[in-house]
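This report describes one protein chain for a reader who is new to structures. Please look at the sequence and the model before reading on.

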Amino acid sequence: MKIFINVDKNKEFAISTKESLINTCNELNITVCENPSDADIICSIGGDGTFLESSRLSKGCPTIGINCGTLGYLTDVNPEDIEKAMKDLLDNNYYIEERMMLEGEIIKDNGEIIKIPPALNDIAISKNTFGVVRFDTIVDEKLINSYTADGIIVCTPTGSTAYNLSCGGPIVDPTAHIITVTPIAPHTVLNRSVILSDNSLVEIKITELRNHNMSYVLYDGRPIEVKTGDVIRIFKSEQITKIIKLNWKSFIENIRKKIH
């Protein structure tokens with residue numbers, strides 16, 4: 001078995017956990033690769049943010065998360081359980097949960113198209129430091145609403161417990177196949193999320209940026225600059241994330257454990 005390790009380099013605990021994992025791999029004759037494309041399994045060491053980065057690197061390769069963060073919705077393995085986890089992987093004592101991802105593109109006024117890489121959690125449009133964003137939300141060429149708000153979140157079921165949840169959006173079973181659209185602090189009575197088919201095409205047309213003619217599209221928290229007049233198209237990605245699970249837990253059990 002060959003693994004690639006992606007680690008949060010800003011956390012000393014994650015770095016020391018990586019060293020412990022490498023020692024365990026040497027003892028079990030597991031090869032540690034330098035390139036994720038050469039690996040059978042991606043090992044993500046850190047919190048959920050590191051796991052999101054690992055999901056983009058994986059390109060469909062099964063990924064396991066070792067939790068050196070806080071809540072760890074996506075990272076199931078505790079550092080003290082690394083040896084047992086590696087032995088379970090060698091013995092094929094695990095199952096894989098497939099999660100949908102989103103991707104998109106930004107269409108500029110001049111016709112330039114900027115690709116938005118696959119995101120496991122969400123793609124969001126956020127205001128700049130001051131002011132608000134005015135935008136039209138269009139689904140499958142039909143206008144849902146014109147908003148004045150701090151932004152909008154388009155998320156996967158996996159991302160429902162992230163930014164979406166903090167903005168009042170619904171908690172969704174992570175294995176479902178839907179897209180959730182949640183406005184951020186909208187200045188309107190229609191402040192509820194909209195649940196869509198995973199085959200939907202979501203378009204956000206920015207009509208005005210107050211105070212600054214610049215804002216951001218965030219894919220799993222990574223920014224791309226956008227301006228008034230830009231159109232952001234978001235849709236289900238062909239890439240999926242395969243999450244390795246060592247112990248079966250129901251979605252409800254996991255939510256209860258993490259929230260309480």
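## Basis of the report

The model is predicted, so local features need pLDDT of at least 70 and side-chain atom pairs count only at pLDDT 80 or more, while totals for chains, interfaces and linings use all residues. Residues are numbered from 1 along each chain as its sequence is written, and side-chain values use heavy atoms, with hydrogens and water left out.

## The whole chain

The chain has five helices and 16 strands. Both kinds of element are DSSP runs numbered from the N terminus: helices are H or I with at least four residues, strands are E with at least two.

For 260 residues, a compact globule would have a radius of gyration near 18 Å, and the 20 Å of the chain agrees with this. The radius is taken over C-alpha atoms, and the globule rule is 2.2 Å times the number of residues to the power 0.38. Along the principal axes, the C-alpha atoms fill a box of roughly 60 × 40 × 30 Å.

## Burial and contacts

Of the 260 residues, 51% are buried. Buried means under 20% relative accessible area, exposed means over 50%, and partly exposed lies in between (1.4 Å probe, protein chains only).

A contact means heavy atoms within 4.5 Å. Among contacts with a separation of 6 or more, 65% are between residues 24 or more positions apart.

## Strand β3

Strand β3 covers residues 41–46, and six of its six residues are buried, so the strand is largely enclosed by the rest of the structure. Ile41, Cys43 and Ile45 lie on one side, Ile42, Ser44 and Gly46 on the other, and both faces are covered.

Strand β3 has a parallel partner in β1 (residues 2–7), joined by five bridges. Five bridges also join β3 to β4 (residues 63–67), again in parallel. Two strands pair if DSSP finds at least two bridges between them.

Which residue of β3 is the bridge partner of Ile5? The partner is Cys43, and Cys43 also stands opposite Ile64 in β4.

## Thr50 in helix α2

Thr50 belongs to helix α2, which spans residues 48–58. Its relative accessibility is 6%, so Thr50 counts as buried.

Leaving aside neighbours within four places in sequence, Thr50 is in contact with Asn6, Val7, Asp8, Ser44 and Ile45.
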